[in-house]
Amino acid sequence: MIWPVFIAALWLAVGLELGLRDSIQFGPNSAPSLTLILVTYVALWAPRLHALYAALIAGVCLDLLGAQVAPEATASATTLGPTALGAALGAFTVLTARAMVERANVLALPAMALALCVLTNLVVVFCYAIKGLYDPAVAFNAMPELFDRLVSSLYTAVAAVPVGLVMTPLARLFGFSTSTGRRSRGW
Amino acid sequence: MQRGPLSPKRLLPFIIMVLCVFALAPSSVTGWVENARVPLEFVLRPVAHPVRQLAAKAAPAERPSDPRIADLQERVDQELLLRAQAEQRVERLRAMVADLQAGLTIAPDAPARSVWASIVGVSPDPREGIIIAGRGDTDGVLAGQTVAVARGVHLVGRVVSVSARSSRVIPITHPRAGLINAMVMTDDPTSGFAAQLIAEGDGTLSGELVASAEGVEVGQTVRLADDAWPASSQMVVIGRVTGVGHKDNQRITVTVRPDFDVARVSEVVLRIPTDPAGAPSAGGGAP
């Protein structure tokens, strides 16, 4: 994978997510994640180690930009890790499943994005639910969060269809090998 | 593949372990990671800000109306704000005099200065509901003590965290903004009924009137009257009553919708107390 291209794509995806999120959100609490679609795309095409590091980097970006508002809404806390770990687990799952997937198929990216998002959100909810037990700065209600995040995951999968139509032809730009007989190796 | 103790493959489990520790460590221990957000937001701003402005132009936060009526309404709102604040100041001074006479110490009113700020983005997770204003620590913004308003009198939300060049605002229409004590202003601008409002998550707030109230109608202005919020923000407009209902216990419920879609504003004015000692403490109680 050509890392500068991935970093530029990540910059664009996270920037668009920050700027557009409330314009494309569905209901008060659900929005697609362009960043997680990018992570899924990379996990579908890139070498294993590249995909895992890409997921960690994207997850760290999302973690740093997020914040949990404390009770009374006078402060907020940023937690580094939940999204990064979730995205890495999701990417690992996609890496495991991609041998069974026709990557160029228009539905491959949405299906894998759904799996990756669900896993990412499960890890995020798990981390915050645990943390909420002893950290007064985190006010977290797991069940509504799970529902909202499931809707967000479905919405991300829907958004992955048009994004996939744009991204799949760009595989060579990222340095991904599009032939099935040859595998990229090495860092 | 590079081999050796620092090869990417060997580093990966170590990085994941570190992230696990960070993910579960209390926020008081890992609070310093927020500093890493400053360069990240700086790098992302060239994409997020123009996209946000374009989106705001395509779907303005202000509810559409005749521009002349909107202008007149804005002037009326400004005048009513000044009047309501003056009334409240008089009441506070009266109370202060009474308390001083009783030998109690009263914190003086906290004066505030206004700083214009562009909204440069939102948090990627809609459940957090945070909007990011392009002013921060270097402009004197204080977390928990600074409020964001639109058009000078319409409450947008409260700043919950500040970094060097940006600050995060939780809009009043987000459920995590918590309970807000407000005053439903009746036809007589000097009086009103106290209400406790909570965001419904659909852009409105709702709540019960604290006392049995008569004369509450759709269209009446609702203003902030909450001691847990900074003094400089008292009596700013939360929105207008869009629904009035009655509960079984004879109490009146109101639904309030802000005049602005506060989660989608493109610019705000931050009202920063110039005397932070006079501002309410975090977690201050309702009156």
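The bend at a residue is taken as the angle between two fitted axes, one through the seven residues ending there and one through the seven starting there. By this criterion, in the predicted model described here, helix 1 of chain A, which spans residues 3-24, has a kink of about 45 degrees centred on Leu18(A). Leu18(A) is itself among the buried residues of this helix, which also include Phe6(A), Leu10(A), Val14(A), Glu17(A), Arg21(A) and Asp22(A).

Of the 187 residues in chain A, 55% are buried. When the contacts of chain A between residues at least 6 apart in sequence are considered, 71% of them join residues at least 24 apart.

Chain B is built from four helices and 12 strands, and 40% of its 287 residues count as buried. Among the contacts in chain B with a separation of 6 or more, 64% are accounted for by residues 24 or more positions apart.

A kink is also found in helix 3 of chain B, where a bend of about 60 degrees lies at Arg45(B), shortly before the proline Pro46(B). Arg45(B) is one of the buried residues of this helix, and others among them are Arg37(B), Glu41(B), Leu44(B), His49(B), Val51(B) and Arg52(B). The cover over the buried residues of helix 3 of chain B includes helix 1 and helix 3 of chain A, as well as strand 1 and strand 2 (131-133) of chain B.

The contact between the two chains involves 54 residues of chain B and 57 residues of chain A. On the side of chain B that touches chain A, the elements giving two or more residues are helix 1 (8-24), helix 2 (27-30), helix 3 (37-58), strand 1 (112-122), strand 4 (154-162) and strand 5 (167-171) of chain B. By residue type, this side of chain B comprises 31 nonpolar, 11 polar and 12 charged residues.

The largest nonpolar core has 125 residues, and Val39(A) and Ala55(A) are those with the most contacts inside it. Helix 5 of chain A (residues 108-134) supplies the largest share of this core, namely 13 residues. Because domain 1 (67-175 + 263-273) and domain 2 (176-261) of chain B both give residues to this core, it lies between them. Apart from neighbours within four places in sequence, the contacts of Val39(A) are with Ala54(A), Ala55(A), Ala58(A), Ala87(A), Ala91(A) and Leu116(A).

Further along chain B, strand 6 (residues 180-185) and strand 7 (residues 192-199) pair in the antiparallel sense over six bridges, with Val184(B) having Phe193(B) in strand 7 as its bridge partner. Strand 7 of chain B is also joined by five bridges to strand 8 (residues 205-209), the two strands running antiparallel, and here the bridge partner of Ala195(B) is Leu209(B) in strand 8. In the hairpin formed by strand 7 and strand 8 of chain B, five residues stand between the strands, and Gly201(B) takes a positive phi near 90 degrees.

Key: Residues numbered from 1 in each chain as written. Chains lettered and ligands numbered in written order. Predicted model: local features only at pLDDT ≥ 70, side-chain atom pairs only at ≥ 80, totals over all residues. Buried ≥ 20, exposed ≤ 12 C-beta atoms within 10 Å, placed from the backbone. Contact = placed C-beta atoms within 7 Å. Nonpolar A, V, L, I, M, F, W, Y, C, P; charged D, E, K, R; others polar. Core = buried A, V, L, I, M, F, W, Y, C linked by C-beta atoms within 7 Å. Domains from an automatic or database assignment. Pairing = 2+ DSSP bridges.
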